Amino acid sequence: MKNAKGLTFPSLEAGHTIGNRYELVREIGRGPRGLVFEAKDLDFEEWPVALKILPTEFTAKKGLLSKLKTCAQEAIQIIHENIIRLHEVECIDGIAFIVMQLLEPFVINRMSQTPRLPFSEVSNIAHSAVAGLSAAHNLGIYHGAIKPSNLMWSDDRVLKLADVGTLCN
């Protein structure tokens with residue numbers, strides 16, 4: 001399947017298992033650089049994770065996946081309340097993907113459909129985003145794609161940045 005940017009993705013659906021380890025539960029997001037699925041990590045008692053399935057170009061073009069793995073190594077070390085936790089970058093059965101913390105896909109850009117936010121909440125969003133960016137920048141990691149769809153809420157309404165460390169500088 002091709003997306004609007006002409007990138008090709010493997011045909012996957014709920015119930016598919018990647019490498020006898022990750023069972024796809026449901027698609028929860030779709031963007032120009034990946035398809036995101038809720039999945040169960042079968043090696044860890046069906047622990048829920050998010051899998052960002054990368055375009056097939058990551059496996060077809062020599063060195064692209066290893067470059068992404070190199071870029072993500074430091075980001076995997078970041079443990080910060082305002083950054084979605086990155087677990088690993090992997091390629092199994094010819095499918096390249098990023099394993100990360102699972103959050104319900106309530107993104108900030110959907111807030112435009114709700115009444116105007118009070119200033120205190122807008123201020124909290126900005127403060128949280130800057131705190132997460134600062135933690136990444138302190139390790140020399142730059143996001144490169146701050147946009148509403150990369151700002152997400154955890155179940156307890158903590159703002160989290162997505163895709164930190166998945167773009168090479």
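Student: Are Lys52 and Asp163 buried or exposed?

Tutor: Keep in mind that this is a predicted model. Buried means under 20% relative accessible area. Asp163 has a relative accessible area of 17%, so Asp163 falls under that cut-off. Lys52 is in the class of Asp163 as well: both are buried.

Student: How far apart are the closest N and O atoms of Lys52 and Asp163?

Tutor: Side chains of opposite charge can pair when their charged atoms come close. The cut-off for a salt bridge is 4 Å between nitrogen and carboxyl oxygen. Lys52 and Asp163 form such a salt bridge, and their closest N and O atoms are apart by 3.0 Å.

Student: How many residues apart in sequence are the parts that this pair ties together?

Tutor: The closest N and O atoms of Lys52 and Asp163 are 3.0 Å apart. Lys52 lies in strand β4 and Asp163 in the segment after β8, so the distance in sequence between the parts they tie together is 111 residues.

Student: Where is Asp93, and what is its phi?

Tutor: Asp93 sits in the loop between β5 (86–92) and β6 (95–100). With a relative accessible area of 60%, Asp93 is exposed, whereas Asp163 is buried. Asp93 is not glycine, yet its phi is positive, near 55°.

Student: How many charged residues are in the lining of the largest cavity?

Tutor: The search of the whole structure finds 1 cavity of 30 Å³ or more, and the largest cavity holds about 50 Å³ of space. Its lining includes Asp163 and Arg85, along with Ile84, Leu86, Ile98 and Met100 among others. By class, the lining has 7 nonpolar residues and 1 polar residue, and the number of charged residues is 2.

Student: Which residues are linked with Arg21 in a network of salt bridges?

Tutor: The count for the model comes to 9 salt bridges. One of them joins Arg21 to Asp43, with the closest N and O atoms 3.4 Å apart. That pair links distant parts of the chain, 22 residues apart, with Arg21 in the loop between β1 (17–18) and β2 (22–31) and Asp43 in the loop between β3 (34–41) and β4 (47–53). The residues linked with Arg21 in the network are Asp41, Asp43 and Glu88.

Student: What is the N to O distance between Glu121 and Arg157, and how accessible is each of them?

Tutor: The side chains of Glu121 and Arg157 meet in a salt bridge at 2.7 Å, N to O. Glu121 lies in helix α3 (residues 119–137) and Arg157 in the loop between β7 (151–153) and β8, so the pair ties together parts 36 residues apart in sequence. Both are partly exposed: Glu121 at 23% relative accessibility, and Arg157 at 41%.

Student: Which elements do the buried residues of α2 pack against?

Tutor: Helix α2 (residues 64–76) has 13 residues and spans 18 Å from its first C-alpha to its last, close to the 18 Å expected. Its buried residues are Leu65, Leu68, Ala72, Ala75 and Ile76. An α-helix has 3.6 residues a turn, so residues three or four places apart point the same way. The buried residues of α2 pack against α1 (57–60), β5 and β6.

Notes
Residues numbered from 1 in each chain as written. Predicted model: local features only at pLDDT ≥ 70, side-chain atom pairs only at ≥ 80, totals over all residues. Heavy atoms only, no water. Helix = DSSP H or I, 4+ residues; strand = E, 2+ residues; numbered from the N terminus. Buried < 20%, exposed > 50% of the residue type's maximum accessible area, 1.4 Å probe, protein only. 1 Å grid on protein atoms, 1.4 Å probe; cavity = no way out; pocket = protein on both sides within 12 Å on 5 of 7 lines; lining within 4 Å. Points joined across faces, edges and corners; volume = space filled by probe spheres on them. Nonpolar A, V, L, I, M, F, W, Y, C, P; charged D, E, K, R; others polar. Expected span 1.5 Å × (residues − 1). Contact = heavy atoms within 4.5 Å.
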